[in-house]
Amino acid sequence: MSEVKSVVVVGSGIVGLSTAWHLLRSGVAVTIIEQSSVASGASYGNAGWISPDLATPLPEPSVIKFGLKSLTDRDSPLYVPPTTDGTIMTFAAKFARNCTRAKWNKAMKALLPLNNGAIEGYEEISSQSDHQDELKAKEAPILAAFYSKSDAHALQEELADIVAAGGKVTSQELSGSELANQYPYLNPSVSFAISLLGQRYIDPYKYSISLADEVRALGCELRFGVRALGVEPGHTGATTRLSNGDTIRSDAAVIATGAWTSTLAKSLGVKVSQAAGRGYSFWATSEEKIDHPIYFPAQRIACTPLDSGLRIAGTMEITGTLEAYDPRRVDAIIRSARGLLMGVNLEEREHEWVGPRPITEDGLPLIGPTKSENIWVAAGHGMWGVTHGPITGRLVAQALTSKKVPSILQPFSPLR
Ligand SMILES: Cc1cc2nc3c(=O)[nH]c(=O)nc-3n(C[C@H](O)[C@H](O)[C@H](O)COP(=O)(O)OP(=O)(O)OC[C@H]3O[C@@H](n4cnc5c(N)ncnc54)[C@H](O)[C@@H]3O)c2cc1C
């Protein structure tokens, strides 16, 4: 591949924007193609946690238990609706085969370099940008809270497994009386918590808007409301065909299209099975000021301080990306949250949202060249695209400009 001077990035989520930022900083001309508007996919209404202590591969033995339960329970945090869709059935079968302890350990080790670089990835962007305040992630502990100490067993085991795999976790346990004194917004029936220290959080949409402003100021062309219909190898680089009839020739292209990635990547030799793990969120006011994220692992609910209230997010519904918003999923989150939080007005919600987590059969992202060395994929980050977005952008830009694929990207090869 000759020197990369121009790159088309398809998708303006956290991964596409971060990749564009790093490429622009290396002197590459970048055009972003976005079918809708900035961060209109999963990067819009997610929980915004940058939480390397919790970023683990999704397929693990306990998911199978949840999956089977969900077949009969629509309120389950993991919901796999009965389907005749062959793609989803194939995905579910392949995903289930990855839910073993040995595969989880291997995948966890592969994710560690992304976890270790996650916070630094955010600091790198904010410290070198004109939007330092808007792009600064807030430091705060994530409080993982439980009705009882025994409910915490699964998370304690998972944290021990992360450490055994070589990860770092800094945590502190809190009893019921400590919680009552320090966290008046937790229901008194919440009697045990683990505080994960040194994590970060952002408002993902505001962050994406600021990063889009930043890349525009660095000379990036952003084209909204136009879809990439195909990204094909050209004579020397890549040719991107657009829904408005245009084609763009560039030295390289990066497909950063989240849960939509298989549409463009299949013809480029990418066979890893992918699906949309749809999550829901909404915003509600809080009587008390809450200044750190709260996680209810047993209910799979994530709460993030946002303006004068909380964004409350949850559920994992395995479907196609285009299916309709299902209000019953939000009702299920609210029913669970009622017994956990106090002084949060769950009846008057705003910004109800559903978005597709880009999940892969083995829980690892897709980062690397396709069968065409000029066309890369940067997608499939599942539950952790906010955490891993900026570090992914840096690794992709470095590899494209240096023409060397670092060994830490090998497990994420889209051709695996
Ligand atoms: C409820 C919920 C909570 C979450 N909480 C967290 C969290 O706390 N921390 C964390 O790390 N992660 C979290 N995630 C996961 C995270 O949101 C995703 O992993 C991440 O946003 C994926 O980013 P992306 O850029 O790959 O994809 P997206 O943000 O989905 O961006 C892809 C973009 O590509 C565009 N696109 C698609 N196809 C085309 C095409 N053909 N042409 C042009 N444009 C196209 C789409 O419109 C979209 O804007 C959460 C997800 C959900 C749903």
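**Exercise 1.** How do the residues of the shell around the ligand divide into nonpolar, polar and charged?

*Solution.* The model is predicted, with local features requiring pLDDT of at least 70 and side-chain atom pairs pLDDT 80 or more, while totals for chains, interfaces and linings use all residues. Residues are numbered from 1 along each chain as its sequence is written, and side-chain values use heavy atoms, without hydrogens and water.

Step 1. The ligand is surrounded by 38 residues (a heavy atom within 4 Å); Glu34, Ser43, Gly382, Met383 and Thr387 are the closest.

Step 2. The shell holds 19 nonpolar, 16 polar and three charged residues (Ala, Val, Leu, Ile, Met, Phe, Trp, Tyr, Cys and Pro are nonpolar; Asp, Glu, Lys and Arg are charged; the others, Gly among them, are polar).

Step 3. Strand 17 (350-360) is among the elements that supply at least two residues, and gives the most, four (strands are DSSP runs of E, at least two residues; helices are runs of H or I, at least four; both are numbered from the N terminus).

**Exercise 2.** State which backbone atom lies 2.8 Å from a nitrogen atom of the ligand.

*Solution.* A backbone N or O atom of Met383 does. The protein buries 97% of the 1,000 Å² that the ligand exposes when taken alone (Shrake-Rupley method, 1.4 Å probe).

**Exercise 3.** Describe how helix 4 and helix 10 cross.

*Solution.* Step 1. The axes (lines fitted to C-alpha atoms over the stretch in contact, angles from 0 to 180 degrees between N-to-C directions) come within 7 Å and cross at roughly 85 degrees.

Step 2. Helix 4 is therefore roughly perpendicular to helix 10 (65 to 115 degrees).

Terms used:
A polar contact is a pair of N or O atoms within 3.5 Å; within protein, one must be able to donate a hydrogen and the other to accept it, and residues adjacent in sequence count only if both atoms are side-chain atoms. Angles under 35 degrees count as roughly parallel, over 145 as roughly antiparallel, 65 to 115 as roughly perpendicular and the rest as oblique.
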